[in-house]
Amino acid sequence: MSDVQDETGSPGESRGDATPAPLGADLIIPALGVALALYFIISTIDLTREARLTGWSFGFLLIALCAVQVAVIAVGVRRGTTTLRLGEIVDNTPHNRRRLALVALLILFIATIGLVGTTLALFLTVLGGLWVMGVRRPPQLFGIAGSVASTVFIVFIVLLGSRLPRGLFEDFALTLLTGQGG
């Protein structure tokens, strides 16, 4: 094992040249982290003091960690050991097409969860995600998707009474289970 680090920053083999490592893709997670932190901070503004303190603590901690990652990359760019190029993440490969399909599924999930309800949206998203990842056997597809969706329904909607978006399935199932639909 070599003491040389590869473009991910982990120990690896030397590439044998002085080409700067492309770390632009490493900024995606910090950007998403900052977005999540801002969501924590904004969504807790009207809550109780304790809830607001918790949301803000996690939010500002996450922003600080993201700032450290951005600073590490900026130092590498300044030294010339890294670039902001995206590297292989934008190459047209089967893995990247799968990643893009999964992102599209998640965007569709977020866009439709309010219309179809949590349980059905989650079932269809997991089903689609498994299909994209190469699962083709119907027992696996429907078993895993059904298990995930039904677990979320039972734990979060029935037992905890959370305010997850409800659709026709949730209303019908709650009416059957408890006599309290809608």
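Tutor: Buried means under 20% relative accessible area, exposed over 50%, and partly exposed in between, with a 1.4 Å probe and protein chains only. This is a predicted model, where local features need pLDDT of at least 70, side-chain atom pairs count only at pLDDT 80 or more, and totals for chains, interfaces and linings use all residues. Residues are numbered from 1 along each chain as its sequence is written, and side-chain values use heavy atoms, leaving out hydrogens and water.

Student: Is Ala25 buried or exposed?

Tutor: Ala25 sits in the loop between strand S1 (21-22) and helix H1 (28-43). Helices (H or I, at least four residues) and strands (E, at least two) are DSSP runs, numbered from the N terminus. The relative accessible area of Ala25 is 17%, so Ala25 is buried.

Student: Which residues is Ala25 in contact with, leaving aside neighbours within four places in sequence?

Tutor: Contact means heavy atoms within 4.5 Å. Ala25 and Leu84 are 59 residues apart in sequence, yet 7.6 Å apart in space, C-alpha to C-alpha. The contacts of Ala25 beyond those neighbours are Arg85, Leu86 and Ile89.

Student: In what order do the elements of the chain run?

Tutor: The chain has 6 helices and 2 strands. Of its 182 residues, 24% count as buried. From the N terminus on, the order is β-α-α-β-α-α-α-α.

Student: Which element gives the largest share of the nonpolar patch?

Tutor: Nonpolar side chains (Val, Leu, Ile, Met, Phe, Trp, Tyr) are joined within 5 Å, like charges within 9 Å. Ile154, Val155, Phe156, Val158, Leu159, Leu160, Phe172, Leu176 and Leu177 form this surface patch, with about 900 Å² of accessible area together (Shrake-Rupley method, 1.4 Å probe; for residues, only the protein chains shown count as cover). The largest share, 5 residues, comes from H5.

Student: Is Leu160 buried or exposed?

Tutor: Leu160 lies in the loop between H5 and H6. Its relative accessibility is 60%, so Leu160 counts as exposed.

Student: How are H5 and H6 oriented to each other?

Tutor: Axes are lines fitted to C-alpha atoms, for helices over the stretch in contact, with angles from 0 to 180 degrees between N-to-C directions. The axes of H5 and H6 come within 12 Å and cross at roughly 70 degrees. Angles under 35 degrees count as roughly parallel, over 145 as roughly antiparallel, 65 to 115 as roughly perpendicular and the rest as oblique. H5 and H6 are therefore roughly perpendicular.

Methods: Patches are made of residues with over 30% relative accessible area and no salt bridge: like charges are joined within 9 Å, nonpolar side chains (Val, Leu, Ile, Met, Phe, Trp, Tyr) within 5 Å. A salt bridge is a side-chain nitrogen of Lys or Arg within 4 Å of a carboxyl oxygen of Asp or Glu.
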